[in-house]
Amino acid sequence: MERRTFLRAAVTGGAAVAFGFSVTREAIAYPAQTGPSPYGPLQTADANGLELPANFTSRVLAHTGETVAGTGHLWHGAPDGGACFADGDGWIYVSNSELPLGTGGVSALRFDAAATITGAYPILTGTTQNCSGGATPWNTWLSCEETDRGYVFETDPWGGEAVRRDAMGRFKHEAAAADPDRKVVYLTEDESDGNFYRFVPTTWGDMSAGTLQVLAEADGALTWVDVPDPTGATVRTRHQVDTARVFDGGEGAYYRNGTCFFTTKGDNRVWAYDAVANALNIAYDDDLTQDGPLTGVDNITGTATGDLYVAEDGGNMEICIITPDDVVAPFLRVVGQDESELCGVAFNPAGDRLYFSSQRGPAGSSSDGYTYEITGPFRK
C-alpha cells in the first residue's frame with residue numbers, strides 16, 4: 001500500500017483517534033508530509049543569525065535586561081508565549097516570562113501603523129513560569145503558569161488590572177485557545193500524562209465562573225467530563241477522571257474554524273480536535289512523516305490562509321509551516337542558539353509581520369532572551 005494512503009487509513013490509540021479525511025479542509029490529508037515550503041528554501045543566515053526565505057527580513061525588538069528602544073522598559077527574562085492585539089491603526093504584542101518563584105509575568109510592546117515601537121510596559125508581575133496562554137475574543141490575554149497547581153491569569157494588553165481566574169483550574173497549565181462557536185476555552189497541560197481540558201464559563205466573556213471539563217474516551221467515543229475538583233488540592237486534576245485521554249506533554253494551542261490544534265512535545269505531534277464532529281485527528285507526527293523537519297513541537301499559531309506555524313523547543317531551532325494541503329517544511333531557522341527554544345509565535349492583525357522569541361538566546365540562559373519580528377511577503 002502507498003505510504004500516504006496507509007497513513008491516512010491508520011488508527012492509533014482507540015477508535016476515536018484517526019488520521020481522518022472529512023469533507024472539511026482541516027482533515028483532508030492528515031498527517032502532514034514533508035515537502036517544499038511555499039516560500040522556497042532558506043537563505044544564508046542574516047546579521048541576526050536567522051535563516052529566512054528570500055525577500056524576508058528580521059528585526060530584533062528586545063533583549064532580556066536591556067531597555068526596549070524608545071521606552072524605559074527593561075525586557076523580561078525567558079520570553080515565552082505571546083499574541084497580538086489590534087490597537088487602532090497599530091497593534092500590541094504581549095509576551096510571557098517563564099521565570100520561576102514569583103519572578104515571571106507578562107510584558108507588552110506597542111506599535112504604531114508603521115510598526116515603530118511606541119511603548120513597552122508590564123501587564124502582569126509576581127507570577128511563576130508563565131509559559132504560554134491564549135488571546136480571547138474580547139481582547140484579553142490568558143497567561144498560564146506552567147507549574148504544579150498553577151493558575152490562569154486574565155491580563156489586559158493595554159495595561160489594566162490582571163485577574164487570577166481560579167475557576168479555570170489549578171494544574172501545570174500550558175496554553176489556552178478560545179472557541180467562540182461553542183463558547184469554551186481549551187487548555188493544555190504540560191505533563192507526560194497530561195490531559196486536554198476545556199473551560200465552560202457560566203457567561204461567555206466572563207472567566208470568573210464556570211465548569212472545568214476533561215476530554216475522556218468511553219466505549220470508543222470521546223466525551224467531555226466534569227473535573228470533580230478543579231483545584232487539584234488532594235488529587236491532581238489529570239488523575240480525577242479514570243477515562244480521561246492522556247497526552248504526552250501538552251504545549252501550544254490554536255483554534256480555527258471548528259478545530260483546535262494543539263501540540264504534544266513528548267511524541268512530537270500536532271493534534272487536531274474537530275469540535276464539530278467531536279473527533280481527534282493527528283495533523284502531524286514526526287514518526288509518521290518521512291524526514292519530518294519538525295521536532296520538539298511547541299507553540300503554534302495560524303493565518304487566515306490556513307497555514308499553521310509551529311515553533312520548536314529543541315530540534316534544530318526552526319519555526320515550521322504546515323500548509324492547507326498538509327505539507328510541512330521549515331519557514332525559518334535560528335543558528336547559534338542550540339540551547340534555546342523558539343516560542344511566542346504570533347502575527348500582527350494584518351498578517352504581514354510575524355513575532356517570536358528565542359527564550360534563552362546564544363548564551364542558553366533565561367537572561368539572554370531575544371524577541372524578533374519577521375517581515376516579508378506572507379501569503380494573504
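A nonpolar core is a set of buried Ala, Val, Leu, Ile, Met, Phe, Trp, Tyr and Cys residues joined through side-chain atoms within 4.5 Å. Buried here means under 20% relative accessible area, exposed means over 50%, and partly exposed is in between, using a 1.4 Å probe and protein chains only. Welcome to a predicted model, in which local features need pLDDT of at least 70, side-chain atom pairs count only at pLDDT 80 or more, and totals for chains, interfaces and linings use all residues. Residues are numbered from 1 along each chain as its sequence is written, and side-chain values use heavy atoms, with hydrogens and water left out.

**Overall build**

- The protein has 1 helix and 28 strands; helices (H or I, at least four residues) and strands (E, at least two) are DSSP runs, numbered from the N terminus.
- Its radius of gyration, taken over C-alpha atoms, is 19 Å, close to the 21 Å that the globule rule gives for 380 residues, so the protein is as compact as a globular protein of that length. That rule is 2.2 Å times the number of residues to the power 0.38.
- Along the principal axes, the C-alpha atoms fill a box of roughly 60 × 50 × 35 Å.
- Of the 380 residues, 59% count as buried.

**The cores**

- The largest nonpolar core has 22 residues, and those with the most contacts inside it are Phe331, Leu332, Phe356, Ile374 and Phe378.
- At least two residues of this core come from each of β23 (308-312), β24 (318-322), β25 (327-334), β26 (342-347), β27 (353-358) and β28 (370-375). The largest share, 4 residues, belongs to β25.
- Leaving aside residues up to four places away in sequence, Ile374 is in contact (heavy atoms within 4.5 Å) with residues including Leu50, Leu52, Phe56, Phe331, Leu332 and Phe356.
- Another core, of 19 residues, lies apart from this one, with Phe171, Ala178, Phe199 and Val214 among them.

**A look at Asp181**

- You can find Asp181 in the loop between β13 (173-179) and β14 (184-189).
- Asp181 is exposed, with a relative accessible area of 52%.
- Not counting residues up to four places away in sequence, Asp181 touches Tyr255 and Gly258.
- Thr147 is 34 residues from Asp181 along the chain, and their C-alpha atoms are separated by 30 Å.

**Charges**

- The protein has 25 positive and 51 negative charges, whose mean positions are 3 Å apart. Lys and Arg count as positive and Asp and Glu as negative, while His and the chain ends are not counted. Each charge is placed at NZ of Lys, CZ of Arg, CG of Asp or CD of Glu.
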